[in-house]
Amino acid sequence: MENIDWSNLPFGYHKPDYNVRCHFKNGKWGELEISSSEYLNIHQAATALHYGQQAFEGMKAYRGKNGEIRIFRWEENYKRMERSAHGILMEPVPKQTFKDAIFKAVKLNERWIPPHGTGAALYIRPLLIGSGAEIGVKPAKEYLFVVFVTPVGPYFKAGFKPIDIAIVRDSDRTAPLGTGMYKVGGNYAASLPGIKETKEAGYAQPLYLDSKEKKYIDEIGAANFFGIKNNTYITPDSNSILPSITNKSIQEMAPDLGIKVEARPVPVEELETFEEVGACGTAAIIAPIGKIKDLDQDRTFTYSSDGKPGPISTKIYNKLLGIQFGDEEDPYGWIDIIE
Ligand code: PLP
Ligand code: COI
């Protein structure tokens, strides 16, 4: 076992042993290659570098209580990466290549999977980039697919404790008909000013509103938004947010927990009516939200003033993490065990 304080692991990069790569050249994908280098040797005119032709994924491998390695819903990440690739005219990776690459990357770095009971997991980062040289704005003819892993703790250091966020209106992460529904780097570059602004104001993440009218809630930094009232889980239906696999999973299991689900546009005014609010995502896990500050209108919505998460968020959190870490049964077939 590595000499690491697993329970206090930050969400950061920690050098793994190996990564797995695959090249698309001359119209076809090659064989998987294993590398121990953390660096990519890439053409200076690669489309990824100049025109942002790149997409990535984020998923986790969990160490179960019997020591087994558990991967959560990788096929959903595959489908999303395929959509992202089509969205910005990249060559998608074949499904079997994706699966083999992530399973191999996890297995080769098995010693970096945090022990069960620490709350930490092995974050898996598949990356697809236009590696071919172009100087005109057009899709590359060559692509590189890389999968690396790194052990991580939760994105929000507080763990399962409420965080405070702030509404930003003077920058958007995506345009109304832009790439918000794809997991492409440009969205994250565009979100940096909003993240900086909210951090400087003392808040953990920006809450983005729809970029056309600023009337509806979109999402929270690198996580989806949910609000809870009248025993109902309410989450925005918007074509400029990333379709979160965590959110989809919560919506699928909520009825079995006796919780109703609504996916629909959520007007900003509705913030006043929620009993609980939270952020969800692979990195964020489920982060309850204590307060939402509206930076422009000097008003604050409060959901938790005693530093405790609400009962429904807690119920969802326990069930989801129970399935991921193997403390609960997985009736949905969401987990694959890596032998
Ligand atoms: N929204 C954004 C912008 C994200 O980057 C992420 C992280 O992947 C999510 C939401 C959550 O998605 P998922 O639950 O699939 O990790
Ligand atoms: C994830 O939850 O996997 C994310 O992509 C968040 C990351 C951008 C920090």
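In the predicted model, a polar side-chain atom of Arg 80 lies 2.7 Å from an oxygen atom of ligand 1. Two further contacts involve oxygen atoms of this ligand: an N or O atom in the side chain of Lys 183 is 2.8 Å from one, and a polar side-chain atom of Tyr 188 lies 2.4 Å from one. A polar contact here is a pair of N or O atoms within 3.5 Å; within protein, one atom must be able to donate a hydrogen and the other to accept it, and residues adjacent in sequence count only if both atoms belong to side chains. Of the 390 Å² of accessible area that ligand 1 has on its own, the protein covers 97% (Shrake-Rupley method, 1.4 Å probe; for residues, only the protein chains shown count as cover).

The shell around ligand 1 comprises 16 residues, the closest being Tyr 188, Glu 219, Ser 244, Thr 246 and Thr 282 (a residue is near if one of its heavy atoms lies within 4 Å). At least two shell residues come from each of β12 (223-229), α5 (245-253) and β15 (276-281); helices (H or I, at least four residues) and strands (E, at least two) are DSSP runs, numbered from the N terminus. By class, six residues of this shell are nonpolar, six polar and four charged (nonpolar: Ala, Val, Leu, Ile, Met, Phe, Trp, Tyr, Cys and Pro; charged: Asp, Glu, Lys and Arg; polar: the others, Gly among them).

For ligand 2, the surrounding residues include Phe 11, Phe 56, Arg 125 and Tyr 155. An oxygen atom of ligand 2 is 2.6 Å from an N or O atom in the side chain of Tyr 123, and one is 2.5 Å from such an atom of Lys 183. A polar backbone atom of Ala 283 is 2.8 Å from an oxygen atom of ligand 2. Taken alone, ligand 2 exposes 280 Å², of which the protein buries 88%. Its shell divides into seven nonpolar, two polar and two charged residues.

Residues are numbered from 1 along each chain as its sequence is written, with chains lettered from A and ligands numbered from 1 in the order written. Local features of this predicted model need pLDDT of at least 70 and side-chain atom pairs count only at pLDDT 80 or more, whereas totals for chains, interfaces and linings use all residues; side-chain values use heavy atoms, with hydrogens and water left out.
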